[in-house]
Amino acid sequence: MDTWEPTLSTGPLLGIAVAAIAIILIMVIWWKVHAFVTLTIVSALTALAAGIPLDGVVPTMTSGFGSTLGSVALLVGLGAMIGRLVETSGGAKSLADALVRLFGEDKAPLALGVASLIMGFPIFFDAGLMVMLPVIFAVARRLDGPVLAYGIPAAGAFSVMHVFLPPHPGPVAASEFYGADLGLILIIGLIVALPTWYLSSYRFGLRLGGKYPYRIDEAITGSLVSDVELPQNPASPKAVISLLIVPMVLIFGNTGLNTLGTAGIIDPGATWAKFFIFLGQTPIALLITAIAAMMVLGLRRGEDKNAIEKTMESSLGPICSVVLITGAGGMFGGVLRTSGIGDALADSMSGLGIPVILACYLIAVALRLAQGSATVALTTAAALMVPAVETGGFTEIQLVLITLATAAGSVFASHVNDSGFWLVGRLMGMDVATTLRTWTINQALISFIGFVFVLLIYGITALA
């Protein structure tokens, strides 16, 4: 497989991609075939249709599946345990009550979104969402409101921060390709990200809550604990907030030290730096948080050790489906990447003769739609457009805006070939059709609105 190269031209490859996505939608929505089985079947058929050798089909599938599980399973598993402890200790309800008292019932979605924006600065999308879910569910149940009105503002906040701002890997890698200043990307990225989130996730989330007014009956971390079952000595909001800050601080330390090392300010090879970088790797940060949750939400409240173990065990059963389906989504995306579909589409668009900033956006959009991963779309589009950017004579500010335009394109319209699509849909209890009407549109809005703000700033700098 290391020496195999795609043999089909752009037209047939794009036809295969469109047909594969159509088959997934038909099988899941109309034929009601389980998403895990569907994605596995279509991944195999797509690999065969694209000409991947027979002896390479299964390795290609398992490589995409395994690489996705490697990052997702640990995060979702540990996040589910933390979430279950937060919920059963009464901490989620305590924090939800505090948020409602502080911001008012009408502003609860805004409060959750702002909290997610803050957490999303250092924490990756899936890890942050898993940690926030119990609070989102508790607020939704506390106010008996529609889940999407609280969930979409929070999930959209993590998405916006992940795609536009360093130290997340996509914008950092793109800045290196284009030679853009990371500090300016952080400043201008915030100027773009915050209004983009407000329009695409907060306002849109409120609208979705009115259109899809279903309530939360069961959390992904297990059956929701009724108010009667909650402990007499619930965990305080302060304890829950302290726990939520732990992974944020650790991960921020990791990314901050890596950034300082890249800039030559510190020696990343120093023992102390390696130690703190290790502590801030997302799985380790969540593991430390889980241990802290056992102590703060369990032992310190007088909970029996066996009860704590059973609580954490009960969190794993409901997430098995989520983990497998998310891995299968990564499998499908991996097959599409190996088949050359994304590269063929990007190559066909790179010679259209349009402005560089628009070309960067459109190529990132095409790659996102073709293979699913926002980070892969962003880094690949940036690598493809380096020659055009280098010969364009752009100013420092314009290079930053070109980077952000590429980032905006990379988040466009998450759908069935994106593992995040399955993660969000299943975590929030949505079927595929509803996920397409909500999360996919949310991601398209983040992309389009973010790009509009980038173009506005680009135009202003051109006139200055």
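Biologist: Which helix gives the largest share of the lining of the second largest pocket?

Modeller: α5 does, with 6 residues. This is a predicted model. Other helices take part too: α4 (91–103), α6 (125–142) and α10 (237–262) each supply at least two residues, as does α5 (108–120).

Biologist: What makes a residue part of that lining?

Modeller: Lining residues have an atom within 4 Å of a pocket point. For the second largest pocket, 16 residues line the space, and L95, L99, A115, I241 and L244 are the closest to its centre. The volume is about 330 Å³.

Biologist: Now the loops. Why is S89 called buried?

Modeller: Buried means under 20% relative accessible area. S89 has 2%, so S89 is buried. S89 sits in the loop between α3 and α4.

Biologist: Which backbone oxygens does the side chain of S89 reach?

Modeller: One is that of L85, at 2.9 Å. Another is that of V86, at 3.0 Å. The cut-off for a polar contact is 3.5 Å, so both distances qualify. Beyond its neighbours within four places in sequence, S89 is in contact with P231, P234, A235, L297 and R301.

Biologist: Why does D418 count as buried?

Modeller: The limit is 20%. D418 is at 10%, so D418 counts as buried. D418 lies in the loop between α18 (396–410) and α19 (419–427).

Biologist: What joins the side chains of D418 and S414?

Modeller: A polar contact of 2.6 Å. Leaving out residues up to four places away in sequence, D418 touches R368 and G372.

Biologist: What is the phi of A413?

Modeller: Positive, about 50°, although A413 is not a glycine. A413 is in the loop between α18 and α19. Its relative accessibility is 10%, so A413 counts as buried.

Biologist: K32 has a positive phi as well, about 60°, and is not a glycine. Is K32 buried or exposed?

Modeller: Exposed means over 50%. K32 has a relative accessible area of 65%, so K32 is exposed. Its place is in the loop between α1 (10–30) and α2 (35–49).

Biologist: Why is α14 described as largely enclosed by the rest of the structure?

Modeller: Because 15 of its 20 residues are buried.

Biologist: How does the reach of α14 compare with the expected span?

Modeller: α14 (residues 320–339) reaches 29 Å from its first C-alpha to its last.

Biologist: What follows α14?

Modeller: G340 does, with a positive phi near 90°.

Note on methods
Residues are numbered from 1 along each chain as its sequence is written. This is a predicted model: local features need pLDDT of at least 70, side-chain atom pairs count only at pLDDT 80 or more; totals for chains, interfaces and linings use all residues. Side-chain values use heavy atoms; hydrogens and water are left out. On a 1 Å grid over the protein atoms alone, a cavity is a set of points where a 1.4 Å probe fits but cannot get out, and a pocket is an open set with protein on both sides within 12 Å along at least five of seven lines; lining residues have an atom within 4 Å of a point. Grid points are joined across faces, edges and corners, and a volume is the space filled by probe spheres set on the points. Helices (H or I, at least four residues) and strands (E, at least two) are DSSP runs, numbered from the N terminus. Buried means under 20% relative accessible area, exposed over 50%, partly exposed in between (1.4 Å probe, protein chains only). A polar contact is a pair of N or O atoms within 3.5 Å; within protein, one must be able to donate a hydrogen and the other to accept it, and residues adjacent in sequence count only if both atoms are side-chain atoms. Contact means heavy atoms within 4.5 Å. The expected span of a helix is 1.5 Å times one less than its number of residues.
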